Amino acid sequence: MEKFSIEGTPKTPTINFDMGVGFLEIKGRSIPENSIEFYKPLVDNLEKYAGSPKPATNVNIQLEYFNTSSSKCILDVFKKLEAIHKGGSQVTINWHYEEDDEDMLEAGEDYQAIINVPFKMVQVEE
Amino acid sequence: MMLDIFDFYDKMERNNILLSFKGDITSELLTSILQIMESKMDNMHEEPKLKKKVYNVLVECLQNLYHHMDETTENGGERGRSAIFMIGKQDGDYNIITGNYIMNDNVAGLKKRLDDVNALTKEELKDYYKQVLNNGEMSMKGGGGLGMIDIARKTGQKLHYNFMAIDDKFSFFSLNIKVSPNL
């Protein structure tokens, strides 16, 4: 199955989505002015993947910064993952945060409260 | 002219302004400003925690200006396009100050949004954020009204603002955000 990748820029994250093994990674910064446009291809690919997902889907979110414009799009991504989880693939979202970054931990907990998918909070050293 | 520029310099010096800008807010400008502020804070050896908070709040403040200018340019002409911002540091606190023209028709709505956010406690802000995040509404640019809530949450302070009436069409809106290292 296909892979979908986007290389990171100072305002947008690196995305690696390996649909053959069920692995999605979003890392870096997500602070574009127009985040809907940026996230649309990922959301489309998740929809495609939802048709025949792997038995397990692992998701690594490792963001240094994200703006409020991205936060709704990230929720959309998680809602797609929630549907995939309901559809029978065991989805795990590994939310990474740097040890002193309480705001990033709280942001992960906000999503955890909304989305019905197992979250793992992963502390990383700076 | 000599006197004027010294006056600016002196005022900025006394208020410890690190960076200021007046004019069109473009995407490229914001990229540059963020890079400059990041390297300034690196050179000043700021704590990573404070650095992240300032950066986050700065992104929201500047993108507010960017989206706002986009919306008002059509009706506002030249005035709609112009904005100002300053970033200063005093007694360890960072101050982010923005100013822009706003149509008088939009003043009441914005004032209500700011007052609503200012009325909430830390816990209420957290709940309100989640509620707005999950309400399914999305502005054209994806902001969806989260910016001010996020700024209030991250800074732990009230949003200080002012509206100054200019004429029958415009007011000037200013926002003064303090990011303090002791949160």
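User: What should I know about the numbering and the cut-offs before I start?
Analyst: Residues are numbered from 1 along each chain as its sequence is written, while chains are lettered from A and ligands numbered from 1 in the order in which they are written. The model is predicted, so to speak of local features takes pLDDT of at least 70, side-chain atom pairs count only at pLDDT 80 or more, and totals for chains, interfaces and linings use all residues.

User: What is the mean pLDDT of chain B?
Analyst: The mean is 89. In chain B, 87% of the residues reach 70 or more. pLDDT is the predictor's confidence in each residue, from 0 to 100.

User: Which elements of chain B have the lowest and highest mean pLDDT?
Analyst: Helix H3 (residues 48-81) of chain B has the lowest, 81. Strand E4 (residues 160-165) of chain B has the highest, 97. Helices (H or I, at least four residues) and strands (E, at least two) are DSSP runs, numbered from the N terminus.

User: And what ipTM does the complex get?
Analyst: The predictor gives an ipTM of 0.93, with a pTM of 0.92.

User: How many helices and strands are in chain B?
Analyst: Chain B has six helices and five strands. From the N terminus on, they run α-β-α-α-β-β-α-α-α-β-β.

User: How much of chain B is buried?
Analyst: Buried residues make up 27% of its 183 residues. A residue is buried if 20 or more other C-beta atoms lie within 10 Å of its own, exposed if 12 or fewer, and partly exposed in between; the C-beta atoms are placed from the backbone.

User: What share of the contacts in chain B join residues at least 24 apart?
Analyst: Among contacts between residues at least 6 apart in sequence, 64% do. Two residues are in contact if their C-beta atoms, placed from the backbone, lie within 7 Å.

User: Now the interface. How many residues of chain B are in contact with chain A?
Analyst: 25 residues of chain B are in contact with 22 residues of chain A. Helix H2 (27-43), H3, helix H5 (122-133) and helix H6 (147-155) of chain B each give two or more residues to that side. H3(B) gives the largest share, ten residues.

User: What classes of residue are on that side of chain B?
Analyst: There are eight nonpolar, nine polar and eight charged residues. Ala, Val, Leu, Ile, Met, Phe, Trp, Tyr, Cys and Pro count as nonpolar, Asp, Glu, Lys and Arg as charged, and the others, Gly among them, as polar.

User: How do helix H3 of chain A and H5(B) pack?
Analyst: Helix H3 (residues 102-114) of chain A and H5(B) pack at about 60 degrees, with their axes 11 Å apart. Axes are lines fitted to C-alpha atoms, for helices over the stretch in contact, and angles run from 0 to 180 degrees between N-to-C directions. H3(A) and H5(B) are therefore oblique to each other. Angles under 35 degrees count as roughly parallel, over 145 as roughly antiparallel, 65 to 115 as roughly perpendicular and the rest as oblique.

User: Which residues meet there?
Analyst: Asp110(A), Ala113(A) and Ile114(A) meet Tyr129(B), Lys130(B) and Leu133(B).

User: Inside chain B, at what angle do H4 and H6 cross?
Analyst: The axes of helix H4 (residues 104-118) of chain B and H6(B) cross at roughly 30 degrees and come within 10 Å. H4(B) and H6(B) are therefore roughly parallel to each other. Arg113(B), Leu114(B) and Val117(B) in H4(B) meet Met148(B), Ile149(B) and Ala152(B) in H6(B). Five of the contact residues are nonpolar, none polar and one charged.

User: Which phi does Asn16(B) have?
Analyst: Asn16(B) has a positive phi of about 50 degrees, although it is not a glycine. Most residues other than glycine have a negative phi. Asn16(B) is in the loop between helix H1 (2-14) and strand E1 (17-23) of chain B. With 13 C-beta neighbours inside 10 Å, Asn16(B) counts as partly exposed.

User: And His45(B), buried or exposed?
Analyst: His45(B) is exposed, with 7 other C-beta atoms within 10 Å. His45(B) lies in the loop between H2 and H3 of chain B. Its phi is positive, about 55 degrees.

User: Last one. What does Pro10(A) touch?
Analyst: Pro10(A) touches Arg29(A) and Thr31(B), not counting residues up to four places away in sequence. Pro10(A) lies in the loop between strand E1 (3-6) and strand E2 (14-18) of chain A.
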